[in-house]
Amino acid sequence: MTSFRPGLCSVTFRTLAPRTIVRLAAECGIEGIEWAGDVHVPPGQPDFARHVRRLTEDAGLAVISYGSYIAPPSDDEPAFAQVLETAQALGAPNIRIWPGSRNRDSATYSPDERAHTAALIRRMARQADDASVTLSLEYHPNSLTDDLASAQRLMAEIDDPNVFLYWQPRPGLPLDEALDEFRAVGSDTSHVHVFAWNREKARYPLSEQRAYWSEVLSNAPATRWPRERFAMLEFVRDDSPEQFRADAAVFRQLLEEAKARARGAA
């Protein structure tokens, strides 16, 4: 088992400025932020990325990752090069990308389309590796990682040591299935997204799924990921900072309990 540090995806608060997000995260005991490329740190603005990096680091927080919205094959290598430049300015050691065209189920891809996408991701991974940056694929419905079999197949098709998977359960996924899925892809995972949704994507306080996440975080499998791992809160009920404060308190307790369980099992 491996342990996680507490993180936040800035996309949780699309309407808040980076300075406000940093202040809120630090107040709530969060130790790192993945900065979103769609609103908070747009690609192609390296000076602003350096500004956000300073805000983050001056508050004692880590830049976990650059949450880009690159989606190969819809986006090509020149688009990724701009994202990589921004990630470097941000001080992000990792870039998250979307595997496949957005909002397209994996079952609709032909073998040739899958092969083309895998080859493009591999070339992006080589660009990133030259800059000492890792690449992590979103693990998400309506993508090439929308089920376990497709995710495993895609990783085999990419076949690059600089490519990893985020992991998150599909909303409403039963606990037993979530644990089996996490174990199956665990060795390829970098970070984890944490949220409290049901199958209809209605959001709840994290406290209402405390038992679920306790089991998931306490049974995280070993990984080939070479760096510190973060579990990142992503989205809260009503996009509310007050709900985030409550969820963050539960979240940090869960991570401490998971660490204690790991020590007891050692």
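Where is Ser132 found? Ser132 sits in the loop between α4 and β5 (134–137). Helices (H or I, at least four residues) and strands (E, at least two) are DSSP runs, numbered from the N terminus. The structure is a predicted model, in which local features need pLDDT of at least 70, side-chain atom pairs count only at pLDDT 80 or more, and totals for chains, interfaces and linings use all residues. Residues are numbered from 1 along each chain as its sequence is written, and side-chain values use heavy atoms, with hydrogens and water left out.

The chain has eight helices and eight strands. Its radius of gyration is 17 Å, close to the 18 Å that the globule rule gives for 266 residues, so the chain is as compact as a globular protein of that length. The radius is taken over C-alpha atoms, and the globule rule is 2.2 Å times the number of residues to the power 0.38. Along the principal axes, the C-alpha atoms fill a box of roughly 45 × 45 × 40 Å.

Of the 266 residues in the chain, 53% are buried. Buried means under 20% relative accessible area, exposed means over 50%, and partly exposed lies in between (1.4 Å probe, protein chains only). A contact means heavy atoms within 4.5 Å. Among contacts with a separation of 6 or more, 79% join residues 24 or more positions apart.

The chain carries 30 positive and 38 negative charges, and their mean positions are 3 Å apart. Lys and Arg count as positive, Asp and Glu as negative; His and the chain ends are not counted. Each charge is placed at NZ of Lys, CZ of Arg, CG of Asp or CD of Glu.

Cysteine pairing was examined next. A disulfide is a pair of cysteine sulfur atoms within 2.5 Å. By this rule the count comes to zero disulfides. Cys9 is in no disulfide, and the nearest cysteine sulfur, that of Cys28, is 15 Å away. Cys28 is likewise in no disulfide; for Cys28 the nearest cysteine sulfur is that of Cys9, 15 Å away. Cys9 counts as buried because its relative accessibility is 1%. Cys28 has a relative accessibility of 6%, so Cys28 also counts as buried.

Ala25 belongs to helix α1 (residues 18–27). With 0% relative accessibility, Ala25 counts as buried. Beyond its neighbours within four places in sequence, Ala25 is in contact with Leu8, Ile30, Ile33 and Leu61. Ala25 and Glu208 are 183 residues apart in sequence, and their C-alpha atoms are 21 Å apart in space.

Backbone geometry came next. Most residues other than glycine have a negative phi, and most peptide bonds are trans. Asn103 is not a glycine, yet it has a positive phi of about 60°. Ser132, also not a glycine, has a positive phi of about 60°. Ser132 counts as exposed because its relative accessibility is 54%. The peptide bond from Pro72 to Pro73 is cis, with omega near 15°. Pro73 lies in the loop between β3 (62–67) and α3 (77–90).

Asn103 is placed in the loop between β4 (94–97) and α4 (111–130). Its relative accessibility is 63%, so Asn103 counts as exposed. Leaving aside neighbours within four places in sequence, Asn103 is in contact with Trp98 and Asn142. Asn103 and Ala151 are 48 residues apart in sequence and 15 Å apart in space, C-alpha to C-alpha.

Two further loop positions involve helix α7. Gln209 is found in the loop between β7 (189–194) and α7. At 18% relative accessibility, Gln209 counts as buried. Not counting residues up to four places away in sequence, Gln209 touches Phe195, Ala196 and Trp197. Glu228 lies in the loop between α7 (210–218) and β8 (230–233). Glu228 has a relative accessible area of 51% and is therefore exposed. With residues up to four places away in sequence not counted, Glu228 touches Arg5 and His191. Glu228 and Ser190 are 38 residues apart in sequence; in space, C-alpha to C-alpha, Glu228 and Ser190 are 8.5 Å apart.
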